[in-house]
Amino acid sequence: MSSDWPKVKLADYCDKIGSGATPRGGSKVYLDSGEISLVRSQNVYNHGFEYDGLVYIDEDAAEKLSNVELEENDVLINITGDSVARVCMVPDDVLPARVNQHVSILRPKNGSLDPRFLRYSLLNHENQYKLLAIASAGGTRKAITKGHLEEFEISLPDITYQKEVSEILSTFDQKIHLNQQTNETLEAMAQATFKSWFVDFDPLRAKMEAKEAGRDPNRAAMAAISACTKVSADGAVLWDETEVALDQKLERMSDKQREHLEKTAGLFPETLEESEIGEVPKGWGISKLEDYLTLSYGKGLRKKDRADGKVPVYGSGGLTGTHDESLIEGPGIIVGRKGTVGSIYWEDRDFWPIDTVFYVEPKKEVDLSFYYYLLNTLGLNEMNTDAAVPGLNRNNAYRLQILEFPEKLMKQFADFTSDLHKMMLVKKSEKKTLENIRYALLPKLISGEVGYE
């Protein structure tokens, strides 16, 4: 049991404890790509490392931060602000890297403290409470100092047990990550398919090329539609980055799937025509966003007025809490109105959109998923109309020119994405179950309550 394990200070079991700095020039010197990463607090989460928002720096800036160069298996902890005490490990593919002043490196001594065990120890709710209490004790701004970390104590079993516990919990993390990756792949597949059909018109262009070459236009469109997909033995649609011959794909499809593919190909015309917005599929015409949907205002819900519950509350920055009552029945689409302009979120559950967002009410009898992917192609995030407080004017959005897509084709796409969303819901459910098991196991394993002899 942990009561029998020694309490040790991190200073005695870490070769390095220290944070970095913001390079001179701040965000102006950040690069969108490069060889040297700069890890910031927005990359460090308790569930793992987040790549969104990862920036890069040049060699000169990196040289000035050489004392906080990250190494394999380093543990990262946020030490300032609202994200304080969040902990993760640095992924190998982020290296070489440095950290800024909001993130501290914890580098365990080899052979005495397993890095993964340290991370899980700091994730244990008791230690999270302690870290948050330390951070809040110094004043209005939450902060954990180097001294706090050096003096912070954890219970330390022998190295063999540390590695056993780390292996068990890492297995859950890997499965959770795999489910997340699968959903990201399915989402990317839906996005790519929408762009192919309704923006780039790939099946139509395939028809044009086939007709010019004396080949079957509809068969060419079928090949274009199935170019980035395959069908597994159980009928599930999966991502495929390789070019597979159409005949081979057709052999693996059921009669219903082949019929669906042929029907979809037949919905694309064989020529383009000039319009006021450039070349468009013949016969599709031009419309406006207001003909497709209504952007309805959310309703204010102050944090102090929210009751304990499981209903997600959405602001323009995404999930902003929970409540015990919903305003809108799910599934739904949320669009950022004030703050994070044009942000777009999908929510399967009933939800509450606050007054900094719109929620979408469709005008056409097509599955809501079509509108989600349509909105993601319109650049709403670039439509800020208020210099003081960023805002999206819905009347400006309504005036955006949109093609008059054939409703049959819209429904074909919605059917396709509906299947993907069902698979994504299954993976989300599995992920949640794994997270709950891992959450329940972690304190028991870290304390020695289970699994220790």
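These legends accompany an overview and two close-up views of a predicted model. Residues are numbered from 1 along each chain as its sequence is written. Local features need pLDDT of at least 70, side-chain atom pairs count only at pLDDT 80 or more, and totals for chains, interfaces and linings use all residues, while side-chain values use heavy atoms, with hydrogens and water left out.

View 1. Helices (H or I, at least four residues) and strands (E, at least two) are DSSP runs, numbered from the N terminus. Along the principal axes, the C-alpha atoms fill a box of roughly 75 × 55 × 50 Å. Of the 453 residues, 46% count as buried (under 20% relative accessible area, 1.4 Å probe, protein chains only).

**View 2. Helix α10, residues 255-266.** Look for L261, T264 and A265, which are buried. Seen down the helix axis, the buried residues of α10 fall within an arc of 100°, so they line one face; the arc is taken from the directions from the axis to the C-beta atoms. On the other side sit D255, K256, E259 and K263, which are exposed (over 50% relative accessible area).

**View 3. Helix α11 (residues 368-375) against helix α13 (residues 407-447).** The two pack at about 95°, with axes 8 Å apart, and are therefore roughly perpendicular (65 to 115 degrees). From α11, S369, F370 and Y373 make the contact, meeting M410, F413, A414, T417 and H421 of α13; contact means heavy atoms within 4.5 Å.

Note on methods: Expected span 1.5 Å × (residues − 1). Axes fitted to C-alpha atoms, helices over the stretch in contact; angles between N-to-C directions. Parallel < 35°, antiparallel > 145°, perpendicular 65-115°, else oblique.
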